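Here's a quick tour of a protein model, written for someone who likes to know the cut-offs. Have a look at the structure first, then read on.

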Amino acid sequence: MNHSADSRSAGGGTARPRHRTAAGCTALTVAIGMAVTACGSDGHPLSADPYDAGRDISFSAAVSDGKKADPDKPLEITAEDSGGRITDVTATDAAGRYVAGELSADGGRWHSTSPLAAGARYTVRVSTENEDGAPGRETIAFGTSTPRTKKRLDVTFGPDKGTYGVGQPVTAELSAPVKDRAARAVVERALKVRSEPAVQGAWHWVDDRKLHYRPKEYWPAHATVRAHSNLAGIKVAERLWGGRAKPLTLTTGDRIEAVTDAAAHSMTVYRNGEAIRTIPVTTGKPGFDTRNGVKVVLGKEYFVRMRGTSIGIAEGTADSYDLPVYYATRVTWSGEYVHAAPWSAGSQGAANVSHGCTGMSTANAEWFFDTVRAGDLVKVVNSYGDMMDPFGNGFGDWNLTWKNWRQGSALVADTTEGSAPEDRPRLRPESA
């Protein structure tokens with residue numbers, strides 16, 4: 001189900017005399033897909049067909065004149081008959097997206113509260129009621145103009161389509177920076193992520209051009225995750241309009257977690273909560289301590305040439321090295337791997353002697369390499385190293401608490417823990 005805002009307001013089901021509606025109806029702005037009736041029916045509906053209400057209501061000037069409407073301006077509908085009122089308005093574009101709107105308490109005026117898309121075609125259905133309670137209907141179609149000067153904001157979802165571990169975030173790269181909070185809310189509201197099974201999740205702005213989406217907990221094993229954008233044609237900011245984005249579908253595999261206890265010099269690998277292998281390891285020695293925290297597998301390289309100069313160690317010094325490394329599983333962009341380290345076999349399970357990587361026997365490294373995939377989880381505890389950064393050196397997203405993660409969203413930062421974010425960007429099963 002689409003999560004865009006719905007314009008459905010009050011009434012519209014049963015016509016009733018004016019004096020029986022004064023106590024119960026209020027202006028409502030509701031989310032798309034939520035059919036709301038503000039006034040219950042306690043009588044029999046009138047048998048007469050709805051009359052043509054075109055003469056009883058007026059639209060924004062451009063719409064009434066048959067011209068293309070300015071998407072920068074709200075759509076307005078006004079009840080012209082002093083004894084009648086508007087009871088319901090539904091406005092949708094050609095793609096079925098609803099326009100959020102608000103109806104005044106007296107039913108005299110409805111106006112849109114979400115932006116119209118540029119270069120789009122809309123259909124508006126209006127329900128009215130005259131002073132005798134007889135129902136009226138009017139349907140009108142109109143188009144919106146396209147600004148002469150505009151910049152398009154394209155979105156690229158990541159990672160590539162495929163199967164990943166349960167720690168893989170969904171990413172969204174923007175073609176232009178978005179700094180203003182209100183503009184960010186427009187973007188975020190249009191970027192939809194749904195999963196089956198359904199889980200709660202939220203976007204987090206990493207910087208002006210990049211967002212990450214993760215669930216409150218890890219993705220379920222064997223889930224299907226879909227991301228798409230409703231931003232096309234929507235005004236984001238002055239002279240910046242939403243472009244198109246290619247949708248993305250991911251699946252997850254088993255829940256694979258590798259937990260390394262640096263103090264115990266041991267790694268235990270779990271599949272779906274069950275320990276399947278314990279491996280003697282060596283981690284970073286003093287001065288090169290392995291980072292603590294949760295990391296996500298970024299990729300696998302059968303062979304890597306590792307040189308100390310790549311991390312700032314001068315050639316010829318005591319810590320200098322230049323080694324051929326096999327079965328290397330990368331967990332940071334700066335060069336932290338889980339890999340085969342036959343040269344440290346005597347220290348594995350007993351001491352930490354590496355320059356920050358997690359080393360193990362060649363046989364164990366080959367098994368690990370064959371077992372994990374991108375998106376799987378690698379956690380380090382009891383190291384003297386710093387905590388893994390949330391962003392910039394891989395996917396450290398899981399090192400933020402859910403509360404802190406939500407603070408990075410333009411939609412949910414001001415909501416309380418456990419409450420539904422604006423526009424309800426929860427993950428839910430993809431509808432048929």
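## Ground rules and overall make-up

This is a predicted model, so local features need pLDDT of at least 70 and side-chain atom pairs count only at pLDDT 80 or more, while totals for chains, interfaces and linings use all residues. Residues are numbered from 1 along each chain as its sequence is written, and side-chain values use heavy atoms, with hydrogens and water left out.

The protein chain has four helices and 29 strands; these are DSSP runs numbered from the N terminus, helices being H or I with at least four residues and strands E with at least two. Of its 432 residues, 49% are buried, where buried means under 20% relative accessible area with a 1.4 Å probe, protein chains only.

Four strands make an open sheet in the order β12-β20-β17-β14, with mixed pairing; two strands pair if DSSP finds at least two bridges between them. At the edges sit β12 (162–164) and β14 (191–196), each pairing on one side only. Neighbouring strands here are turned by 25° against each other on average, direction ignored. β12 and β20 (residues 248–252) run parallel and are joined by three bridges, with glycine 162 partnered by leucine 250 in β20.

Helix α2 (residues 181–190) lies across β14 and β17 (224–229), at about 35° to β14. For that angle, axes are lines fitted to C-alpha atoms, for helices over the stretch in contact, and angles run from 0 to 180 degrees between N-to-C directions. Seven of the ten residues of α2 are buried, so the helix is largely enclosed by the rest of the structure. The buried set is Ala183, Arg184, Ala185, Val186, Val187, Glu188 and Ala190. Their cover includes β11 (151–158), β13 (170–174), β14, β15 (201–205), β17 and β18 (235–237).

β25 and β26 pair antiparallel over eight bridges, and phenylalanine 303 stands opposite tyrosine 326 in β26. β26 also runs antiparallel to β27, joined by two bridges; arginine 330 has tyrosine 337 in β27 as its bridge partner. β26 and β27 form a hairpin with six residues between them, and glycine 335 in the turn has a positive phi of about 115°.

β25 (299–307), β26 (322–330) and β27 (337–340) each supply at least two residues of the largest pocket's lining, and β25 gives the largest share, four residues. The pocket holds about 570 Å³ of space. Its lining has 29 residues, with Ile311, Tyr321, His355, Gly356 and Cys357 nearest the centre. On a 1 Å grid over the protein atoms alone, a pocket is an open set with protein on both sides within 12 Å along at least five of seven lines, a cavity is a set of points where a 1.4 Å probe fits but cannot get out, and lining residues have an atom within 4 Å of a point. Grid points are joined across faces, edges and corners, and a volume is the space filled by probe spheres set on the points.

Conventions
Contact means heavy atoms within 4.5 Å. Buried means under 20% relative accessible area, exposed over 50%, partly exposed in between (1.4 Å probe, protein chains only).
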